[in-house]
Amino acid sequence: MALNLLVLGPPGAGKGTQAERFARRRGIPRISTGDILREAVQTGTEIGRRAKAIMDRGELVNDEVMIGIVKERLDREDARSGFVLDGFPRTVAQAEALDAIMAGRDPLVVVDITVPEQQLVRRLASRMICEACGTNAPAGDASTQCGRCGGRMVQRTDDSEAVVLERLKVYHRQSEPLVEYYRSRPTYRSIDGAQTMDRVAADLSAAIEAVGNGGRP
Ligand code: AMP
């Protein structure tokens with residue numbers, strides 16, 4: 001059985017860090033739509049050129065484009081034995097499209113990471129990522145060089161205070177309704193993201209085990 005995991009939560013909840021860690025441990029791909037878009041911006045593709053201004057304002061790229069990106073990615077061979085989706089879905093329309101894409105595949109396991117708003121704002125204000133490979137700096141690490149590739153650590157252009165406030169507004173308006181969308185499913189769990197990274201990781205694993213066999217055959 002494949003483990004098809006969705007990690008939900010507001011910006012700054014630690015979705016990327018947890019998704020990356022979990023996916024690596026399980027040997028399944030982490031699919032981050034934010035990373036896919038940032039890469040498209042960097043390489044200057046048509047989608048990247050159009051997405052840049054939208055991302056810089058903290059708004060959402062349109063559903064049709066995002067659904068196309070995810071459908072294509074989930075159809076690839078490496079996602080057949082499971083995946084961790086991070087940053088998608090972000091709207092109910094995307095969630096409905098994902099359910100259609102998942103028809104005939106193993107069920108989605110949905111974990112929502114919750115964190116109080118003030119803590120999110122604080123975390124995002126100090127978050128640094130590598131401009132070369134996109135890796136997040138570990139919490140509390142103020143080094144100016146990426147531990148993975150040696151690239152320069154910079155603030156994300158959409159982590160400025162004004163854009164963060166807009167992203168949180170967009171989250172409440174467009175993405176929070178996803179909790180209602182998934183809450184009644186037996187494979188839905190909510191976990192407390194205001195703990196240490198290790199505790200959150202342990203709760204994430206426990207939540208996944210609790211909803212079944214954790215995807216193991
Ligand atoms: P993230 O790295 O997940 O915070 O995403 C960064 C930005 O990419 C978001 O603020 C949106 O502008 C865009 N984005 C990422 N995923 C999606 C999505 N599923 N739907 C719409 N826009 C997205």
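Me: Is Arg167 buried or exposed?
Reply: Buried, at 9% relative accessible area. Buried means under 20%, exposed over 50%, partly exposed in between (1.4 Å probe, protein chains only). This is a predicted model: local features need pLDDT of at least 70, side-chain atom pairs count only at pLDDT 80 or more, and totals for chains, interfaces and linings use all residues. Residues are numbered from 1 along each chain as its sequence is written, and side-chain values use heavy atoms, with hydrogens and water left out.

Me: What does Arg167 form a salt bridge with?
Reply: Asp158, with the closest N and O atoms 3.8 Å apart. A salt bridge here is a side-chain nitrogen of Lys or Arg within 4 Å of a carboxyl oxygen of Asp or Glu. Asp158 is buried, at 8%.

Me: How many salt bridges does the structure hold?
Reply: 22.

Me: Switching topic. Which residue meets Asp198 in a salt bridge?
Reply: Arg21, at 2.8 Å, N to O. The two sit 177 residues apart, Asp198 in helix α9 (residues 197-210) and Arg21 in helix α1 (residues 15-26). Helices (H or I) are DSSP runs of at least four residues, numbered from the N terminus. Asp198 is exposed, at 52%. Arg21 is partly exposed, at 29%.

Me: And Asp35, what's its partner?
Reply: Arg38, with the closest N and O atoms 2.9 Å apart. They are 3 residues apart in helix α2 (residues 33-43), so about one helical turn separates them. Asp35 is partly exposed, at 27%. Arg38 is also partly exposed, at 25%.

Me: Which residues are linked with those in a network?
Reply: Salt bridges link Asp35 and Arg38 in a network with Glu20, Arg24, Arg30 and Asp86.
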